Amino acid sequence: MRTQIIAHRGSKGAHPENTLPAFLHAVKVGADGIELDVQLSKDGQLVVIHDETVDRTTNGKGLVSQLALSELKRLDAGSWFNPGYSDTRLPTLKEVFETLTKEVFHGSVNVELKTDRYAYEGIEEKVVELVRSEEWPFDLVFSSFNEATLQRLLEKAPDFSAALLFRRLGEEKTHVGRYPLSAWHPKITWLKRASVPRLNKMPLRVWTVNKEREMKQCFRMSVEAIITDFPEKALEVREKYQMD
Ligand code: G3P
Ligand code: MG
């Protein structure tokens, strides 16, 4: 089985993370999938941004949850990375879906619901509503560090693929059999410590795999997918270590 290459926050290594240029780059280089993070604005819009505040990745300040979409849209979400991206705006999840649809992207989109600090009441419902609003041409996977989010999502949409994000060895065990997860999304450090029998139980999508030797390890183990900041490099490394 070929390990899928999923572009982390778009292509975080070479573009401002979680922005349209990053997602378009992932499509252009041929990534199998795209991972992105979603938070909720003050007026209940699904906004694609990693942090709970806009401070690190825009020229603004404050919590996403305290800013309306119109305020978030005024921010420059690219200059912090490179001045050439000063026109880049924070995208909504719908805008990303529409852009990927225009690009005829048939890979997978991993929507991470960023509810580990704030529960963002109603976020699961809004995600379900958006997903059901159209026939999107790509596959969807939903992940979260927050178990309650995954449970709520599956209650509302039992047909969704939900994956648990975690960091520490043993953390995954507390979730086994309690709700229908389709995959585990462990941190790479977990993979290094986990025993082989445990690895066989669930499809693994490992993050964040940026070093060539870690990519090589994942390819040799034929994990389901790696989530990487450098999809282009990962595709090259895969050519070397996985023939089919
Ligand atoms: O989904 C994998 C990875 O994105 C989880 O960590 O902090 O980059 O969202 P983070
Ligand atoms: Mg993420």
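N18 has a relative accessibility of 1% and therefore counts as buried, a term that denotes under 20% relative accessible area, with exposed meaning over 50% and partly exposed the range in between (1.4 Å probe, protein chains only). The model is predicted, so local features need pLDDT of at least 70 and side-chain atom pairs count only at pLDDT 80 or more, while totals for chains, interfaces and linings use all residues. Residues are numbered from 1 along each chain as its sequence is written, chains are lettered from A and ligands numbered from 1 in the order in which they are written, and side-chain values use heavy atoms, with hydrogens and water left out.

**Backbone features**

N18 lies in the loop between β1 and α1, and R9 is found in the loop between β1 and α1 as well. Helices (H or I, at least four residues) and strands (E, at least two) are DSSP runs, numbered from the N terminus. R9 counts as buried at 11% relative accessibility.

| Residue | Location | Phi |
|---|---|---|
| G30 | just after α1 | about 95° |

Most residues other than glycine have a negative phi, and most peptide bonds are trans. A cis peptide bond, with omega of about -25°, joins W207 and T208; T208 lies in the loop between β8 (205-207) and α8.

**Metal site**

E35 (OE), D37 (OD) and E112 (OE) coordinate the magnesium ion (ligand 2) at 1.9 to 2.2 Å. Donors are N, O and S atoms within 2.8 Å of the metal (3.2 Å for Na, K and Ca); water is not among the atoms, so sites may look incomplete. Along the chain, the donors follow the spacing E-x1-D-x74-E. E35 and D37 are both buried.

**Nonpolar cores**

A nonpolar core is a set of buried Ala, Val, Leu, Ile, Met, Phe, Trp, Tyr and Cys residues joined through side-chain atoms within 4.5 Å. The largest such core has 42 residues, of which L36, L93, F97, V109, V111, L140 and F142 touch the most other members. Elements giving two or more residues to this core include β2 (33-40), α3 (93-102), β4 (108-113) and β5 (139-144). Its largest share, five residues, comes from α4. Leaving aside residues up to four places away in sequence, V111 has contacts with L36, V38, L93, F97, L140, V141, F142 and S143, where contact means heavy atoms within 4.5 Å. Another core, of 25 residues, lies apart from it and has I188, L191, C218 and F219 among its members.

**Helix packing**

The axes of α1 and α3 come within 11 Å and cross at roughly 30°. Axes are lines fitted to C-alpha atoms, for helices over the stretch in contact, and angles run from 0 to 180 degrees between N-to-C directions. α1 and α3 are therefore roughly parallel to each other; angles under 35 degrees count as roughly parallel, over 145 as roughly antiparallel, 65 to 115 as roughly perpendicular and the rest as oblique. In this pair, L20, F23, L24 and V27 of α1 meet E95, V96, T99 and L100 of α3. The buried residues of α1 are A22, F23, H25, A26 and V27, and they pack against β1 (4-7), β2, β3, α3 and α9.

For α8 (residues 212-221) and α9 (residues 231-241), the axes come within 10 Å and cross at roughly 50°, which makes α8 oblique to α9. Residues in this contact include M215 and F219 of α8 and V237 and Y241 of α9.
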